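Please read the following points next to the coordinates. They take up packing, pairing and backbone geometry in turn.

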Amino acid sequence: MDVISLSVFDLSVAASLLILLSVASLLMNLGLEKRMLLGGIRMILQLLLIGQVLRFLFANTNPLLIACMSLVMLSVAAREVSVRQKRQLRGFSGYWIGTVSMFVSSFSITFLALTVMIQVHPWYTPQYAIPLLGMVLGNTMTGVALASDRLTTQLYEQRGMVEQRLLLGQTWREASSDIRKDCMRTGMVPIINSMAAAGIVSLPGMMTGQILGGTPPVEAVKYQILIMFLIAAGTGFGVICSIWMTSRHLFDSRHRLCLDQLILRR
Amino acid sequence: MKAQPSESSCPEGKSASCLVVDALSFLENGPYSFSVGAGECIGLSGQSGVGKSQLLKAIVDLIPHAGEVYLDGIACSDIPAPQWRKQVALVPAESYWWYDTVQQHFPDLRHLFLSCGWLEQLGFPPDVIFWQVSRLSTGERQRLALLRSLVNEPRVLLLDEPTSGLDPFYTARFEKILLEYQQPRGSAFIWVTHDREQLQRVAGQAYLVEKNGLQDCEPC
């Protein structure tokens with residue numbers, strides 16, 4: 001079975017739905033129409049661009065090019081994490097923490113999947129490596145951004161409580177343990193929930209895509225199961241890593257809470 | 001040179017003193033130098049905003065500072081901060097509670113209050129430890145926060161306007177309990193308050209805190 005190719009007309013009809021929605025937003029004074037249209041246009045351009053990039057990458061399996069591509073993906077994800085923080089770490093620390101924690105989790109898990117589970121040759125075959133990395137990285141990014149945003153906000157808002165615990169002679173780990181646990185939960189709960197809902201409430205995008213592309217449903221399901229596990233592990237370890245590094249950064253060696261390391265965005 | 005835990009390391013030869021604050025400065029304040037002997041209580045007063053609470057925080061090493069604080073000749077920077085804060089405890093003006101019940105904040109309930117009857121003296125029934133923190137009034141929290149700080153049996157207690165939310169009845173009880181705590185242990189107190197009558201009652205020596213140091217003033 002071949003995929004039915006979409007024409008410009010088909011896409012225009014889909015796009016007109018968004019235009020209709022922005023008109024509704026205008027009428028209802030939601031103030032979202034500008035962002036909605038801008039987001040739509042951004043999405044069109046970015047996806048068209050990535051389509052060309054992937055076509056080029058798939059045509060020549062060059063490990064160097066693939067490495068470049070994945071590093072670009074990583075740095076964009078790290079930037080996205082730090083942009084989503086209400087209170088950012090001063091300087092480049094937040095950016096680095098995001099990069100390191102996403103690199104450690106997403107890259108190693110994707111590598112494991114390519115070499116041990118899928119066993120594609122060579123392991124960096126872009127048709128497999130790039131989409132896998134993209135899915136793991138994208139979900140890890142969401143988790144890391146959620147969790148570290150909550151951590152900095154909570155430490156800021158509950159500084160009195162944290163300092164009280166330090167005053168009673170608790171170490172920084174003890175004083176921040178409840179907050180850290182709470183933030184890790186925040187980062188991991190979405191993926192846990194989506195595992196629970198997968199297949200019944202929602203048909204995961206990747207599986208749907210494969211089925212539309214003609215893959216037998218059971219094969220698509222097996223891939224989806226693999227992806228879900230990879231995403232859950234990537235998100236979980238990424239969140240643990242970033243919470244640990246961020247909280248370590250916000251306490252000094254004398255177990256003081258250093259909120260001057262945080263700056264409010266805008 | 002880091003000070004060694006020996007008597008000679010105390011500046012100005014105040015080896016008998018329990019707590020020695022040596023040229024402590026932070027932000028635009030200081031340097032402050034003073035000492036509190038074992039079993040003594042000194043009072044600090046001064047305009048609000050002058051940095052009294054910050055001074056106490058610097059003594060417990062909760063804010064960055066220059067200068068050093070010694071407890072029996074041992075420098076603060078020579079031991080881990082949590083260990084220091086267990087021996088030199090600050091009871092802040094506002095108390096914070098992070099669990100649902102009172103009990104969860106007292107990991108170690110064995111001896112201190114139950115045997116001394118301090119809970120009763122501060123107006124609490126024995127089952128107060130099972131209460132929800134949310135039902136405590138400000139004054140009740142303040143009284144319990146003192147007991148919570150005493151659990152570690154600190155050698156030095158820094159009290160930041162400890163009775164500001166209490167009526168005269170409980171203020172008297174509060175002072176009595178602190179005296180009962182202090183006498184057998186020979187602990188040292190630094191008591192920050194605006195209440196000159198209270199200073200007269202509790203403090204042997206009183207200082208006025210200013211931006212650039214302390215000034216003697218009689219607790220009169």
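1. Helix 6 of chain B, residues 168-185, lies across strand 3 (41-45), strand 7 and strand 8 of chain B. Relative to strand 8 of chain B, helix 6 of chain B runs at about 155°. As with everything below, this is read from a predicted model.

2. The sheet in chain B is open and has 6 strands, in the order 6-7-8-3-9-10, with mixed pairing. Strand 6 (88-91) and strand 10 (213-217) of chain B each have a single partner strand and stand at the edges, so one side of each is left without a neighbour in the sheet. On average, with direction ignored, neighbouring strands of this sheet are turned by 25° against each other.

3. Within that sheet, strand 7 (residues 156-160) and strand 8 (residues 188-192) of chain B run parallel and are joined by 5 bridges. One pairing can be given by residue: B:Leu158 has B:Ile190, in strand 8 of chain B, as its bridge partner.

4. What joins the two chains? On the side of chain B, 25 residues are in contact with 15 residues of chain A. The two chains bury about 1,800 Å² between them, and 55% of this is on carbon and sulfur atoms. B:Leu62, B:Arg85 and B:Trp98 supply 36% of the area that chain B buries against chain A, more than any other three residues.

5. The secondary structure of chain A comes to 9 helices and 2 strands. Along the sequence of chain A the pattern reads α-α-α-β-α-α-α-α-α-α-β. The C-alpha trace of chain A spans about 70 × 55 × 40 Å along its principal axes.

6. Which way do helix 3 and helix 5 of chain A run relative to each other? Helix 3 (residues 63-83) and helix 5 (residues 126-157) of chain A pack at an angle of about 15°, and their axes are 9 Å apart. The two helices of chain A, helix 3 and helix 5, are therefore roughly parallel to each other. Helix 3 of chain A passes helix 5 of chain A in a right-handed crossing.

7. The residues that helix 3 of chain A brings to its contact with helix 5 of chain A include A:Ile66, A:Met69, A:Met73, A:Leu74 and A:Val81. Among those they meet in helix 5 of chain A are A:Ile130, A:Leu133, A:Leu137, A:Met141 and A:Val144. By class, the contact of helix 3 with helix 5 of chain A has 13 nonpolar, 3 polar and 1 charged residues.

8. Helix 5 of chain A also packs with helix 2 (residues 33-59) of chain A: the axes come within 9 Å and cross at roughly 140°. Helix 2 and helix 5 of chain A are therefore oblique to each other. A:Leu54, A:Leu57 and A:Phe58 of helix 2 of chain A make the contact with A:Pro126, A:Gln127 and A:Ile130 of helix 5 of chain A. The residues of this contact between helix 2 and helix 5 of chain A divide into 5 nonpolar, 1 polar and no charged. A:Pro126 and A:Ile130 also belong to the contact of helix 5 with helix 3 of chain A.

9. Helix 8 (residues 205-212) and helix 9 (residues 217-250) of chain A pack at an angle of about 155°, with axes 9 Å apart. That makes helix 8 of chain A roughly antiparallel to helix 9 of chain A. The crossing of helix 8 and helix 9 of chain A is right-handed. Helix 8 of chain A makes the contact through A:Met206, A:Met207, A:Gln210 and A:Ile211, and helix 9 of chain A through residues including A:Pro217, A:Val221, A:Tyr223 and A:Ile227. By class, the contact of helix 8 with helix 9 of chain A has 8 nonpolar, 2 polar and no charged residues.

10. Some backbone details deserve a look. The peptide bond joining A:His121 and A:Pro122 is cis, with omega about -15°, and A:Pro122 lies in the loop between helix 4 (93-118) and helix 5 of chain A. In chain B, the peptide bond from B:Gly30 to B:Pro31 is cis, with omega near 0°; B:Pro31 is found in strand 2 (residues 29-37) of chain B.

11. A:Asn29 is not a glycine, yet has a positive phi of about 60°. A:Asn29 is found in the loop between helix 1 (8-27) and helix 2 of chain A.

Definitions and conventions:
Residues numbered from 1 in each chain as written. Chains lettered and ligands numbered in written order. Predicted model: local features only at pLDDT ≥ 70, side-chain atom pairs only at ≥ 80, totals over all residues. Heavy atoms only, no water. Axes fitted to C-alpha atoms, helices over the stretch in contact; angles between N-to-C directions. Helix = DSSP H or I, 4+ residues; strand = E, 2+ residues; numbered from the N terminus. Parallel < 35°, antiparallel > 145°, perpendicular 65-115°, else oblique. Left-handed = near helix turned anticlockwise from the far one by under 90°. Contact = heavy atoms within 4.5 Å. Nonpolar A, V, L, I, M, F, W, Y, C, P; charged D, E, K, R; others polar. Pairing = 2+ DSSP bridges. Buried area = accessible area lost by both parts, 1.4 Å probe.
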